[in-house]
Amino acid sequence: MTKQRTEVGPRVRAIIDRYRADPTYMLQILREVQEGEGWISPAIVDQLETALNTPRTKIEAVAGFYSFLYTQPVGQYRVLFSDNITDRMLGNVDLLERMARNLGVERGQTSADGLVSIDFTSCTGMCDQGPALLVNNRAVTRLTGARIDQICELIQKRTPLSAWPAVFFQVDDQIRRSDILLNDVFAPGESIAAALARGPDALLEEIKLSNLRGRGGAGFQTGLKWELCRNAPGTDHYVVCNADEGEPGTFKDRVLLTSYADQVFEGMTLCAYVIGAKRGLLYLRGEYRYLLEPLNAVLAHRRKIGLLGTAIHGQPGFDFDIEIHLGAGAYICGEESALIESLEGKRGTPRNRPPFPVTSGYLNQPTVVNNVETLMKSCMIARKGGAWYATVGTKESTGTKLISIAGDCARPGIYEYPFGVTVAEILADCGAVNPQAVQISGAAGVCIAPEEFGRKIAFEDIPTAGSFMVFDQSRDMFEVARNFTHFFAHESCGFCTPCRVGTSLLVKMMDKLADGKGSPYDFKEIEKLNEHMFKLSHCGLGYSACNPVLQTIVKFRPAYERRLVHKEFVPAFDLDGSLAIARGLTQRDDADAHFGKD
């Protein structure tokens, strides 16, 4: 029997037509449809199935993967409180509970009138000006009790976001220390002109000479990556800018895209010149939805002045353009192969490697995936040369690094340092008083204790994607690690069993210790779990999910030992305790009403 085709409504049809009915834009189509309709209803799925000629199972699989897409009705106002550990330290839980009381709705629920939904989300990239929340994907910073009350009043009056006070949505760069990158005097097109004067071969050699390494955390040599992609066979080559900085505590890319977008796009264009790409894609994390229109305006201006499109800078045959794809709340898409899957309109599941993106990336074609900061730095190298750049930093780690600093310090924000700076120097600059620990490179990174503050930020010592969270002596490092375990469990893509089940088990073990039921047995189980996850997980999330626990056990063991109430194993589930409600309802509290009592 032939299935009857569903009529496609005009609003959905307009979005489909803008994306040429191309299923590789599935995520973008779903996101835009939801912005107009409020959620991805079964009727919407029916329309997309018809318009895209794609099985509804694939559409539903994508819609169900991303936390910012909704396959059930949600409130007219969708409020998500950032739940990074730094937001917790600033009182986000109390603020959420205050809003929930004011609006008469429970966390994770939608109000009876369909007006508002309230819940937590992962780090929103506003750690330097938190606590923060997202309302309909717009960031609201510097939350206080008074501001929460104002927001509740606006919601109750059904005031459109466009009429809310502008100060609510103010996001500052907060650049505290600048060096060669942030102080660079740049005119759009200047680096392209220098590259054209050198030629693609010479530009590649300058990038290699600079020893520029990726600033996303892995530190792969940029020149080698460009060369491998350039030499890889394929009908097309692509440039992808990874702006999905989902690692807790990181917000440097937010600042670069806000105030230095021209340099980022020019860096993508330089890469295209070297590898022979005609098309570039910038993957912008969904939490930065507010940057989409400003970034598209920068792209439009660059096209207008001949720096994108055909014959760039008047050079025949140098044709290249850039488009922006917006994510929808999936930390795993920061991993380059998961990001590529998402760009292709799929679930953001990491691929098996090899092959690597440089030979088989976007649409299975050779692809360079670079971080925002990496691409921006290529602009300086094009103009000033690789030898100049290599004089800054250390031999193995040339140039500078942007650090996103948040937590217990007087001056949170963005700091730029030459590689080789010590943790102690950074702590002094940001005004950290009597720090107990620093978490470097986010939840997946490394926890540093005071005796290690002399270590250096460099690939040969402590590599980092840029996150730098400070914890003073008042903080409970067990709770810090526990927050990170909840983060990993929430963000696991669910593809492989070791990570999907392992992160959930780790959360249960940490919650068990928090509930006063821990024993030395639980320590041993955590160590076993880490070994299995490290050996068997499909990607880096599973490899590193146990790191915060294992590192804090070693360096801050008293925080765990005071929770070891029991010397012998105690089950996490209290069956007798779970019967307390039933005893109350039946008004019985005799021995026979208790489990395990004679």
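**Ground rules.** I am working from a predicted model, where local features need pLDDT of at least 70 and side-chain atom pairs count only at pLDDT 80 or more, while totals for chains, interfaces and linings use all residues. Residues are numbered from 1 along each chain as its sequence is written, and side-chain values use heavy atoms, with hydrogens and water left out.

**Entry 1, the parallel sheet.** I looked up the four-stranded sheet, which is open, parallel and ordered β9-β8-β7-β10. Helices (H or I, at least four residues) and strands (E, at least two) are DSSP runs numbered from the N terminus, and two strands pair if DSSP finds at least two bridges between them. At the edges I found β9 (321–326) and β10 (367–371), each pairing on one side only. From one strand to the next, the twist averages 20 degrees. Strands β7 (residues 238–243) and β8 (residues 279–284) share six bridges in the parallel sense, and Ala-243 has Leu-284 of β8 as its bridge partner.

Helix α16 (residues 372–384) lies across β7 and β10, at about 95 degrees to β10. For angles, axes are lines fitted to C-alpha atoms, for helices over the stretch in contact, and the values run from 0 to 180 degrees between N-to-C directions. Contact means heavy atoms within 4.5 Å.

How do the axes of α11 and α16 cross? Helix α11 (residues 252–259) and α16 have axes that come within 9 Å and cross at roughly 45 degrees. The two helices are therefore oblique to each other; under 35 degrees counts as roughly parallel, over 145 as roughly antiparallel, 65 to 115 as roughly perpendicular and the rest as oblique. From α11 the contact uses Lys-252, Asp-253, Leu-256 and Leu-257, and from α16 it uses Val-372, Glu-373 and Met-376. I noted four nonpolar, no polar and three charged residues there. Here Ala, Val, Leu, Ile, Met, Phe, Trp, Tyr, Cys and Pro count as nonpolar, Asp, Glu, Lys and Arg as charged, and the others, Gly among them, as polar.

Next came an open sheet of five strands with mixed pairing, in the order β2-β3-β1-β4-β5. Its edge strands, β2 (109–110) and β5 (138–140), have a single partner each, so one side of each is left without a neighbour in the sheet. Strand β4 (residues 133–135) runs antiparallel to β5 and is joined to β5 by three bridges, with Leu-134 partnered by Ala-139. Helix α6 (residues 92–103) lies across β1 (77–82), β3 and β4, at about 170 degrees to β3.

Which residues lie nearest the centre of the largest pocket? I found Gly-216, Gly-217, Ala-218, Gly-334 and Glu-335 there, in a lining of 48 residues. A pocket is an open set of points on a 1 Å grid over the protein atoms alone, where a 1.4 Å probe fits, with protein on both sides within 12 Å along at least five of seven lines; lining residues have an atom within 4 Å of a point. The volume is about 1,500 Å³, meaning the space filled by probe spheres set on the points, which are joined across faces, edges and corners. Its lining has 19 nonpolar, 18 polar and 11 charged residues.

The second largest pocket holds about 570 Å³. Helix α19 (477–491) is among the elements giving two or more residues to its lining, and gives the most, with seven.
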